Protein chains: 2
Amino acid sequence: MKSLRYVGKRIPGIDAEKKVTGRSIYINDFKLPGMLYGKILYSQYPHAKIIGIDTSKAEKLKGVKAVLTGRNIPSIRFGFLQDNSPLKREKVLCRRDEVAAVAAVEPEVADEAISLIEVDYEPLAAVFNPESALAQGAPLLYEERGTNLISLPTGLDCGNVEEGRRNSRWIAEDRFEVTWVTHCCLGTSGCVAAFDGKGNLLMYTNTQIPSYTQKYFRDALEILGLRDKKVRIIQTAIGGAFGSKLETHPHEYIAFLLAYKSGRPVKILFSREEEFMATSPRQPASIYIAQGCDNEGRLTFRDVRMLMDAGAHGAGALWAPTVMMMTTSSLYRVSNVRFRADFVYTNNTYCQAMRGYGNPQVTFAVESQMDILAEKAGIDPVEFRLINANEPGEMTPQNLKITTCGLKQCIDKVSEALDWEKVRKEGHGIGMASLIHVGGGARIYRSDGCGTIIKMDDYGRVDVFTGATDMGQGSETVLAQMVAEELGVSFEDVNIVNGDTNLSPWDVGAHASRTTFIAGNSALLAAKKLKSQVFEIASEFLQEDIGFLELGQRRVFSKRDPEKKIDLAKLLRSTHFSTQGRVLMAEAFYDPPNQLYDKENKGNISATYAFGSHGVEVEVDKETGQVKILKYVAAHDVGSAINPLLLEGQICGGVVMGAGYALTERLISEKGEIKNPNFLDYKILTPKDSFPIETIFVETEDPEGPFNAKGVGEPGVVPSAPAIANAIYNAVGVRIKDLPITPEKVLAALKKKRGEGR
Amino acid sequence: MKSLRYVGKRIPGIDAEKKVTGRSIYINDFKLPGMLYGKILYSQYPHAKIIGIDTSKAEKLKGVKAVLTGRNIPSIRFGFLQDNSPLKREKVLCRRDEVAAVAAVEPEVADEAISLIEVDYEPLAAVFNPESALAQGAPLLYEERGTNLISLPTGLDCGNVEEGRRNSRWIAEDRFEVTWVTHCCLGTSGCVAAFDGKGNLLMYTNTQIPSYTQKYFRDALEILGLRDKKVRIIQTAIGGAFGSKLETHPHEYIAFLLAYKSGRPVKILFSREEEFMATSPRQPASIYIAQGCDNEGRLTFRDVRMLMDAGAHGAGALWAPTVMMMTTSSLYRVSNVRFRADFVYTNNTYCQAMRGYGNPQVTFAVESQMDILAEKAGIDPVEFRLINANEPGEMTPQNLKITTCGLKQCIDKVSEALDWEKVRKEGHGIGMASLIHVGGGARIYRSDGCGTIIKMDDYGRVDVFTGATDMGQGSETVLAQMVAEELGVSFEDVNIVNGDTNLSPWDVGAHASRTTFIAGNSALLAAKKLKSQVFEIASEFLQEDIGFLELGQRRVFSKRDPEKKIDLAKLLRSTHFSTQGRVLMAEAFYDPPNQLYDKENKGNISATYAFGSHGVEVEVDKETGQVKILKYVAAHDVGSAINPLLLEGQICGGVVMGAGYALTERLISEKGEIKNPNFLDYKILTPKDSFPIETIFVETEDPEGPFNAKGVGEPGVVPSAPAIANAIYNAVGVRIKDLPITPEKVLAALKKKRGEGR
């Protein structure tokens, strides 16, 4: 790559100063004149009929401006299966189901009003795991459906699994379990909804999907009878999202309805406890997996069946199999693949997207079992992975087109960094796991695009209006770097405008590690258009062919004649400040060359794929079962590193999140109730739990990526759990197949291994 | 004109609901976290040396965070002659000169701190009128200049005035006087300046010139040593401007310096008293005028000499001769013209732009004298005006190209509406006056342009980013009408984004009645580009030639085949929601075909010109001198009326402002001190002083105008004073040549006429 000024440089986040000096405006900071505070009453039971609700005392409380129940709101449906509603009318199906809501002049008054609402329930029998929910005679959540099973077309068949099985020399067959973990956003969920006198809606919310939120609330307005009204979504600063804000949520509809009812702006801001219990965690799963290999260690088949607890409503997690099947079919070369996933309604909490979106779950199974199978076949796990690693240019059985692929280099680098052969021989606990993930968008909607508008002022300063959402991942910084690079201006000259549907062009949302790739390509397209305008006017000004012009360090110059050069700002002003002058502006929309899955769930869903490999060395205390990470190496095929500083942050953040998933995190649900809804009892890793992480970037120069980059927002979290599980096995010989791998489980397994029954 | 859906319709202002429900955010409403309040200490003397300033007591006051004087700030210069500075260092030149400023945690604390600042002055002799300021030995404001006379190249010579005079049958020669009047904005001046940690500046201010304010503060930052920083100007809602916010003002620089010094946001908001005494009023003038006509009543020459009090600093009013000479040379056909204007420094307040920008002053002289001359020539004033009225297609001696011109129709319509001949014969007091004004921008900077960015969402909703400033004149509404019309969407579908330099494309500012014309053309250009994109995709979708396509009522259809039609929203979604789809966006910059004046002050400064004629019937109480307006008719050549409702508002507002100028308004200055800085003592017309106004729109269909419109923001105020003066003369036979025409002056003139000495 030619020498670049900003791309590839360790530039601190553009919003870092604002954040550390407390000047970012979060939903918490937000107050509109006349604003009310909304609070929600949740169900007292995991499953019950609502016989009646008496809100009279709440309504009489001074300062209360609106009280809503499922019986005095219009019928708004949302969610993946359209089976959720802002407030429940007839039945509650889980403890987090919303039963009533109030808006009052102060939060305390709203809290008091909530406590004055009397709900008359008729408790019903409930089910708390998929197996019992599928049993004959189990209580049904949706009686009209006749079953708790959710039938979705999430199967995949490639080649012939039975034949693959027959042709195997070695076969492994296991069951893995993963449980609920949650995003732990430090900024809790919240929004402010406000109507103007014409029925137009303004909503401030910390969503990841402003364009889709606008659409959904436009639909909701129509249900209120407000047709063709304007919906403006403004994102406040997002204190973490990780997928938790990829849908519209009950609290947003409730704020919207309270604002409509009261005629005043209404703010709902979750408490930490609400954030734990009333937002949707990562999808738990029970995973059956079998895979085999031939005598040379080449994978012969892979067969995955998942049974998943959908909880009480069909939310965003029901799409996660689209990613799970990708890893099943395409992480390593395997031609015979079967994937099945069943979701079952229970009276538990329901689930949604969380960083990796199904991939950490399935990768835990696939990569744990890769080690199991390698051991059976008597092949070193690194060797085994290299034998099967994907290669550039191949097409996977699910029809994913692998263009660039640095998996082998990642495996090699990790192996080298851990001094694999030596350390493993010495009996230390080291393990490895790899990943595949979408790296060039993911076409799950019909559009996977993002728009950009760009304008340049008289000094060469650039305003870039992008649809992209920066929820902390650093996309604003990366976009500014790319635009500054392309236009030859200073990084400081670039200002990013986003997060407001009135201002930002359309974007599908911040998901699937797509922002650098998609929004980056969009910004680059717009910048290139602007650049050609600059060259057009410079060509006339300098009397030089456009083909010989170059932009850099705020100057336009001829590549062949050093005399021909002009200050960019001077050129712009000479163009602007003349009769019938002009000011430079341009726009672009980029939608990547990827495909929706076809009816068989095959197709090239992403324009490129990210690969990576994690290696870890652990120490296991055989007396306590405590696992200590001594060294962690994360090698990623990133296409190219646009900003190594932020990229390291992305990867390290993912690794720590993944290590928490592996070792400590668990949302404890008892009879549908979250028992640890706080940071004391929910064990997220903190700085004192930190461990040394080495990040390695493999640059495969993706031809479709902006400055050859791939998306790497999610990959960091994906292979941590199996890498750690594999290391633990290597250390003490016990294979833990359910997460998190707590000291208790390790200890129990050690005892069992030593022949001591529990 | 073809039948239109929104253009030409009486649509209420797009911001009206927000304003009447109190949801517009004015600078008064504005508060940033950690914000301080700035207050200014003004001079105690009209002219004095500053010997010393003791700020120690103020600095010690609890809650005071910054105290500035001219001696601890960098040297920032501003104003038309660069002779003003935020705080004065050595000398004060007028009572409003800023001497010190403080920023404190509460406004009251800042007030107290101001009262604790001790300034040691050495008073100097002062001058309060141009004549004495020009006298030998007069005190000099700027000693280094050696004179108080300001020499500006504001002369104009067309033809041969002496020859014109010789060829005259009738000649009138008079002297007129106009005094200070002020804008009386109901929202006072104010701003909030805030720095981020990198030295970038954010300023909220109710300016009319966001793009230029950005430039000026970029320059100011450089003086602080902050090079290449970002300056973002955000306009708050403007509670009236009328030219008062066409410059950067001392209080803006002071807030900026206080924010820089304190490291915290600083707000300065003027009290009503400050608004009266520390903002700049309309330019007063002493006008000598002579004009003549031949036997047929044709004008032979016009000779104007003005002596004007510049006050203590050379501010925006020094440009007003550019407009004054336009009316002198080009209101009615007259080939021999001379115009001279001298400005003189005095220790009075200094002046700036105010609606009409010099035109009300000069038109008072020209049109009062038109009646005087008509009487001398024995020709009815209406007839006299018709003889000399401008015609379409003519070139005036100053090289103004009159394209469309409805002056004769305006005169006819007014005459008809007043039943001129009959009423005049009956001895009622009726009078008339006409006007010319720029109606297609005014190239006073090298660029007279405005940019627009436009984007359309999946439902055909349109966001229009314009450089245009809406300060109450209704430009947002008019732009939305034009865009809706052009794109065949609903008026409600259009959203206007403006008033933020990060978002809005460049615009020269809201002055010279240019916004509908310039921003309108710019918006139309962008809309046409977007429309051609719509047709491009519709052509493919409908299999129809682009030439046969039309847009209307949110549909695209074929003009020849009624079967070929599609919902706009559907078309947009089908284009967007496909692989490598697109979303529609476009941009345009419009800079009109007008010219800067040449060195002789000739040139076609505007792309078209507005004309109009006002007629009025008055009753004069001979006992009290009180003038009562019985009927007022205002006929204007508006090109075309884009929104008759708002246009009536514009014209009526202008007429009332003009009638106040004629009859009641006067800023009383005694020894440089404003003696009536409040609405009790400064007599603006109020609703109880209102009178019936009939507005008549003459539509001349300007070919360069957007939907054939001309600019008409200022004209309503221009001819009121002479029309009223002429009516008073017609009523009671006294000719008052200095404004305002108070009852005292009328009474004195009546007494004089009756031969009673005063």
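Q: How many of the ten residues of helix α9 of chain B are buried?
A: Ten of the ten, so α9(B), residues 321-330, is largely enclosed by the rest of the structure. This is a predicted model: local features need pLDDT of at least 70, side-chain atom pairs count only at pLDDT 80 or more, and totals for chains, interfaces and linings use all residues. Residues are numbered from 1 along each chain as its sequence is written, while chains are lettered from A and ligands numbered from 1 in the order in which they are written.

Q: What counts as buried, exposed or partly exposed?
A: Buried means 20 or more other C-beta atoms within 10 Å of the residue's own, exposed means 12 or fewer, and partly exposed is in between; C-beta atoms are placed from the backbone.

Q: And what counts as helices and strands?
A: They are DSSP runs, numbered from the N terminus: H or I with at least four residues for helices, E with at least two for strands.

Q: What covers the buried residues of α9(B)?
A: The cover includes β8 (156-158), β15 (299-311), β16 (337-345), α10 (359-377) and β17 (429-438) of chain B. Among the buried residues are Pro321(B), Met325(B) and Ser330(B).

Q: What follows α9(B)?
A: Tyr332(B), with a positive phi near 75 degrees.

Q: Switching to chain A. At what angle do α9 and α10 pack there?
A: About 25 degrees, with the axes of α9(A) (321-330) and α10(A) (359-377) 8 Å apart. That makes α9(A) roughly parallel to α10(A). Angles under 35 degrees count as roughly parallel, over 145 as roughly antiparallel, 65 to 115 as roughly perpendicular and the rest as oblique. Axes are lines fitted to C-alpha atoms, for helices over the stretch in contact, and angles run from 0 to 180 degrees between N-to-C directions.

Q: Which residues of α9(A) and α10(A) meet?
A: Val323(A), Met324(A), Thr327(A) and Thr328(A) in α9(A) meet Asn359(A), Gln361(A), Val362(A), Thr363(A) and Val366(A) in α10(A). By class, that contact has four nonpolar, five polar and no charged residues. Ala, Val, Leu, Ile, Met, Phe, Trp, Tyr, Cys and Pro count as nonpolar, Asp, Glu, Lys and Arg as charged, and the others, Gly among them, as polar. Two residues are in contact if their C-beta atoms, placed from the backbone, lie within 7 Å.

Q: How many residues does each chain give to the contact between A and B?
A: Chain B gives 39 residues and chain A gives 38. On chain B's side, the elements with two or more residues are α1 (16-20), β18 (450-456), β20 (494-497) and β24 (585-590). That side has ten nonpolar, 14 polar and 15 charged residues.

Q: Sheets next. What is the strand order in the seven-strand one of chain B?
A: β3-β5-β1-β13-β10-β11-β12, an open sheet with mixed pairing. Two strands pair if DSSP finds at least two bridges between them. The edge strands are β3 (64-69) and β12 (231-235), each pairing on one side only. The twist averages 20 degrees from one strand to the next.

Q: Which helix packs on that sheet?
A: α7(B), residues 250-262, and its direction makes about 30 degrees with that of β10(B). Within the sheet, five bridges join β10(B) (190-195) to β11(B) (201-205), and the two run antiparallel. Ala193(B) has Met203(B) as its bridge partner there.

Q: What about the three-strand sheet, what order does it have?
A: β21-β22-β23 of chain B, open, with antiparallel pairing. Its edges are β21(B) (549-552) and β23(B) (565-567). Helix α15(B), residues 515-542, lies across β21, β22 and β23, running at about 120 degrees to β21(B).
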